[in-house]
Amino acid sequence: MTFINLHEVEALARAALPPQTWDYYAGGANDEVSLGWNRRGFDDVALRPRVLVDVARRDLSTTLLGHSVPVPIVVAPMAFQRLAHRDGELGMARAAAALGVPMAVSTFATFSLEEIRAGSSGPLWFQLYVHQDRSITRELVVRAAAAGYQALVLTVDVPEIGRRERDERNGFRLSPELRVANFTAPASTPLQGGAEGSGLAAFIHGMRDATLSWKDLEWLQGIAPLPLVIKGVLRGDDARRAVEHGAAGVVVSNHGGRQLDSAITGLRALPEVAEAVDGRATVMMDGGIRRGTDVLKAIALGAAAVMVGRPVLWGLAVDGEAGARRVLELLTAEVDLAMALAGAPSLAHITRDLVA
């Protein structure tokens with residue numbers, strides 16, 4: 001299937017996916033207010049381009065967590081990717097690797113973290129939820145370090161799962177042939193049967209650790225020497241605490257509008273967080289990225305890079321690995337063109353005065 005932008009691939013994915021799967025990926029919490037804000041927030045930011053700048057050559061590269069990357073894009077952690085396409089996380093990792101883009105692998109992947117590492121030569125980060133049984137968390141971190149993952153992305157905005165009413169209505173479950181591959185089979189039982197309502201909600205309620213607090217970061221960092229990124233930060237004071245507790249990075253994020261509905265968007269919170277971090281850690285953001293100009297706006301407001309989730313998943317749904325790769329290629333090309341038209345030959349030239 002042919003698509004020329006990220007909006008078109010979304011429409012194609014909706015036509016290709018079963019309604020329950022579409023609702024799981026596309027939906028948000030409650031009235032989906034934050035979900036809508038994430039996209040509309042970019043429309044409210046205007047660009048102020050410079051002219052008569054030599055932009056014959058553009059440099060999109062940057063450094064994230066000590067590693068050079070060719071473009072300021074990271075594939076966001078997303079669960080259950082084999083629901084979208086049989087290529088699943090393996091195809092997504094290979095698509096990211098083709099462009100040198102880091103991919104954050106979800107704890108709830110449908111291939112194991114070792115299988116994904118073995119199947120891809122690209123940079124991989126591991127996204128982590130802390131479990132009630134801390135030995136499970138420890139084992140996951142040790143496995144990620146042993147497999148050669150470059151960073152640990154701790155998601156901190158899920159002390160409870162947000163009420164995702166589409167999943168409740170649909171009785172969301174995994175199909176029988178799929179499993180949460182990083183766990184033994186019994187752990188994913190709520191996702192494949194049982195009571196009415198969302199199997200995901202039952203699964204997360206049974207494993208999440210609502211006692212997790214700042215004091216636990218030292219314990220986590222003591223397990224393996226991986227840079228720690230805190231994902232789900234929306235306040236400057238929390239970002240400051242993250243850096244004080246040793247975080248190498250923060251992701252400004254409202255979890256794609258899937259947790260606390262009416263939570264501020266990552267884009268709106270970004271300047272406050274960037275100011276609080278003040279260059280002491282890598283700042284990224286996610287939520288609503290659909291165009292190369294969106295990436296420019298995020299960088300101008302303080303991000304070193306953006307995480308992109310649903311659009312690359314739509315690409316995967318439409319054409320597997322090739323579809324995900326095309327999404328990343330399109331977005332990269334749009335960033336390059338936007339930089340040329342804005343008078344920014346490198347990311348260092350994407351400064352606060354470019355937005356209004």
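1. Phe80 sits in the loop between β3 and α4. Helices (H or I, at least four residues) and strands (E, at least two) are DSSP runs, numbered from the N terminus. Phe80 is buried, at 0% relative accessible area. Buried means under 20% relative accessible area, exposed over 50%, and partly exposed in between (1.4 Å probe, protein chains only). Phe80 is not a glycine, yet its phi is positive, at about 55°. Most residues other than glycine have a negative phi.

2. On the source: this is a predicted model, in which local features need pLDDT of at least 70 and side-chain atom pairs count only at pLDDT 80 or more, while totals for chains, interfaces and linings use all residues. Residues are numbered from 1 along each chain as its sequence is written, and side-chain values use heavy atoms, with hydrogens and water left out.

3. His85 also belongs to the loop between β3 (73-75) and α4. His85 counts as buried, with 16% relative accessibility. A polar atom of its side chain lies 2.9 Å from the backbone nitrogen of Asp87. Residues up to four places away in sequence aside, His85 touches Leu316, Ala317, Asp319 and Gly320. Contact here means heavy atoms within 4.5 Å.

4. Gly88 is in helix α4. Its relative accessible area is 0%, so Gly88 is buried. Gly88 touches Gln81, Arg82, Phe111 and Leu316, not counting residues up to four places away in sequence.

5. Now the packing of α4 on α13. The axes of α4 (residues 88-99) and α13 (residues 310-342) come within 9 Å and cross at roughly 15°. That makes α4 roughly parallel to α13. Axes are lines fitted to C-alpha atoms, for helices over the stretch in contact, and angles run from 0 to 180 degrees between N-to-C directions. Angles under 35 degrees count as roughly parallel, over 145 as roughly antiparallel, 65 to 115 as roughly perpendicular and the rest as oblique.

6. Which residues make the contact of α4 with α13? From α4 come Gly88, Gly91, Met92, Arg94, Ala95, Ala96, Ala98 and Leu99. From α13 come Val312, Leu313, Leu316, Glu321, Ala324, Arg325, Leu328, Glu329 and Thr332. By class there are 10 nonpolar, three polar and four charged residues. Ala, Val, Leu, Ile, Met, Phe, Trp, Tyr, Cys and Pro count as nonpolar, Asp, Glu, Lys and Arg as charged, and the others, Gly among them, as polar.

7. Helix α1 (residues 6-16) also meets α13: the axes come within 10 Å and cross at roughly 180°. The two helices are therefore roughly antiparallel. The α1 side supplies Leu6, Val9, Glu10, Leu12 and Ala13. Among the α13 residues are Pro311, Trp314, Val327 and Leu331. This contact has 11 nonpolar, one polar and one charged residues.

8. Ser346 is in the segment after α13. Ser346 is buried, at 16% relative accessible area. Ser346 contacts Asp59 and Met339, leaving aside neighbours within four places in sequence. Ser346 and Leu60 are 286 residues apart in sequence but 6.0 Å apart in space, C-alpha to C-alpha.

9. His255 is buried, with a relative accessible area of 13%.

Technical notes
A polar contact is a pair of N or O atoms within 3.5 Å; within protein, one must be able to donate a hydrogen and the other to accept it, and residues adjacent in sequence count only if both atoms are side-chain atoms.
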